[in-house]
Amino acid sequence: MHIDQAEQARNVAEQLHHFHGGLRLHHNKKISCETPVASTPLPEHFFVPLLQQYGKEAEATVVVGQKILKGDEIGCFAHLGSGCVHAPSSGVVKAVVRRPISHPSGTDGWCIVIEPDGLDQWKELESLTDWPDADPALLRQKIRNSGIVGLGGAVFPTAFKTDEAIKRGIHTLILNGSECEPYISCDEMLMREQPDSIILGARILQQAVGATRTVIVIEEQMGAANHALKQAVKSTGDNDIEIVRVTAIYPEGGEKQLIQVLTGLEVPAGGRPSNLGLLCQNVATASAVAQAVVEGKPLIDRIITITGNGITRPRNLVARIGTPIADLVERCGGYTKDAARLVLGGPMMGYALNSDDNPVIKAANCILALTQLDIQPPQAEMPCIRCGECARVCPAVLLPQQLDWLIRNEQWIDAEDCGLFDCIECGCCDFVCPSHIPLVEWFRFGKSELRSLAVERNQAKTAKHRHEARDARLLRIKQERRQRMKEKKRAFKDDAEKQKKLTEAISRARARQGRNE
Amino acid sequence: MLAAILSITFLGGLFGLGLGWAARRFQVESDPVIDQIDAILPQTQCGQCNYPGCRPYAEAIANGEADINQCPPGGETGIKALADLLGIESMPLNPENGEEQAKAVAVIDELACIGCVLCVHACPVDAILGASKQMHTVIESECTGCDLCLPACPVDCIDMVVRYPDAGDWRWSKPQPAVSGAALMGDEILPASHH
């Protein structure tokens, strides 16, 4: 990195910049912000999916019939240095079954079914009230053990990010409170109602990764959140936490876009914010960190927005991981008569669920019920007219029409060269396309294909390596056998010669004897 | 006249030496075509191409003894890649060599296994673990799905099982026309005007 770039990266939010493209969308957030965040009663059963984060499923660590307490580990991951999945309440493990897991694929995954006993009894919690004196490594350990993942939606393990931050060296912590997708208001409500928890989380994270400054980013129109956070900062007396308001342009809540707004610098392709000395976390993640470190509580619940014209009384709820979505909808007065589609996530990046049996997962920030009126009837796809609108709105400065053409023609390498993996799947290009081309779907498909090609290449490499090793071994065995045979033969030959000499000697002796007689 | 001839000869010799030195000094080991072909082949080592492995098949293609359409595990994509590499026309898979199938892995029915070690010897990538009179098992991540262990088993206790991806390694499928996920917002949009 250039020295002046490093300097520029340090000046986070000194001056606000723009990222390329983007859209101004109607927020539609107000409908879910009018009532305070409410809790949800215990469901009849929890269905806790073992796939909760980026990567592979966790391994179950409980057995059917086992009694568990709230916060007990029920599944653990073996990779990425990440933590575990924890029990949302005390009760009994009823089953470990395959069922819907709120995944875009709609496929089933392993879930732990827990019947709560109603006592809601915590396991023994290891609180750490004197965290300011604690070793940063201990703080990161606590974050790892609490199963905390990025709650903005990408569910990347927080411990992985903090470990990487330590390796690369971080100067500024950015807390992302700019939830730019329409309808979603869970972060805004959290900032309004629990600002102290966020500030506490910010200070803990700052200590855990050795950052000297924190910038909390919110959107311009979040007046109440701004006020609450300012009060919270004032009460702690810290002057290294700053609140910045940015213009609401979708998708400025994306990590890379946000960093561009704050510093004017782009996170390098394939790189991470830590390349610029920054660590970016969602505000809800910071709040979860505070709970995990100070109170010792693992991540077992989150705030989730239940909204849309298909919901009778839209609002935000604290929902435990594993609660069936139907229970949350019921808590909000059920569906309206004309509800037509259930979406997990926002209208731009969310995906449709095929049933409200699906459980709440760590990634679920919003449940959106849309009516027939909201859903545009799928319009017939037309050929690309190369108008360039998609390139104008692309926040990653890509050429969507070009990528689309390359993927359709299976020019995988070229698509990768044209920056396919820099696409954040925000959906802006889809949105403006006058030909109704489902560009993001093609990009997801292209990325998937490239990833599976890489996996196949790796497998082929391993197979080749093993085959060659086997051939070499067989050859060696053959040669060794041949060598042994040769030696035996020689030994036999030696023996034969000896024998011959012996018989000759005997016959000579006999002959001599014959003469003597 | 003599000066011109001498100087041109001298220069020619000098450049010749320079070029000769550069050719040795900066010599690039060219990737032989066999290696390039071998890199495209799927390395299942199944022998369906009628050659005793991927490498021998690659050699046969390079020598012009075999067609590029004899590898069922490589499938259409493999044939296309080979055609691109060799600059020849793509052709459909030769049905005599078999059909393109979903990738499967061998699974040993461990109750029926008699521990004869025949499959262990048949496996081209050492993916079967076992010893004489001991139960055998397949190392799933190493199995290429070549089917070579099936005929070796005297008690028929090996099955080929297609592994369908779970949610962790699930892949997006090719988009079908007229299904758009993001167009949910009706006409409530305004283009960004912050530039």
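In strand 17 of chain A, A:Tyr351 stands opposite A:Leu344. The model is predicted, and local features need pLDDT of at least 70, side-chain atom pairs count only at pLDDT 80 or more, while totals for chains, interfaces and linings use all residues. Residues are numbered from 1 along each chain as its sequence is written, and chains are lettered from A and ligands numbered from 1 in the order in which they are written.

**Overall form**

- Chain A has 15 helices and 18 strands; these are DSSP runs numbered from the N terminus, helices being H or I of at least four residues and strands E of at least two.
- The radius of gyration of chain A is 32 Å, whereas a compact globule of 517 residues would have one near 24 Å. This radius is taken over C-alpha atoms, and the globule rule is 2.2 Å times the number of residues to the power 0.38.
- Along the principal axes, the C-alpha atoms of chain A fill a box of roughly 135 × 60 × 55 Å.

**The open sheet**

- Six strands of chain A form an open sheet with mixed pairing, in the order 2-15-14-18-16-17; two strands pair if DSSP finds at least two bridges between them.
- Its edge strands, which each pair on one side only, are strand 2 (38-39) and strand 17 (351-352) of chain A.
- Strand 16 (residues 339-344) of chain A runs antiparallel to strand 17 of chain A, and two bridges join them.

**Cores**

- The largest nonpolar core has 106 residues, of which A:Ile174, A:Ile216, A:Val289, A:Ile304 and A:Ile367 touch the most other members. Such a core is a set of buried Ala, Val, Leu, Ile, Met, Phe, Trp, Tyr and Cys residues joined through C-beta atoms within 7 Å.
- A residue is buried if 20 or more other C-beta atoms, placed from the backbone, lie within 10 Å of its own.
- A second, separate core of 30 residues includes A:Ala248, A:Met348, A:Leu420 and A:Ile437.
- Of the 517 residues of chain A, 49% count as buried.

**Helix packing**

- Helix 6 (residues 195-209) and helix 9 (residues 283-295) of chain A pack at an angle of about 75 degrees, with their axes 7 Å apart. Axes are lines fitted to C-alpha atoms over the stretch in contact, and angles run from 0 to 180 degrees between N-to-C directions.
- Helix 6 of chain A and helix 9 of chain A are therefore roughly perpendicular to each other, a term that covers 65 to 115 degrees.

Conventions: A residue is buried if 20 or more other C-beta atoms lie within 10 Å of its own, exposed if 12 or fewer, and partly exposed in between; C-beta atoms are placed from the backbone. Angles under 35 degrees count as roughly parallel, over 145 as roughly antiparallel, 65 to 115 as roughly perpendicular and the rest as oblique.
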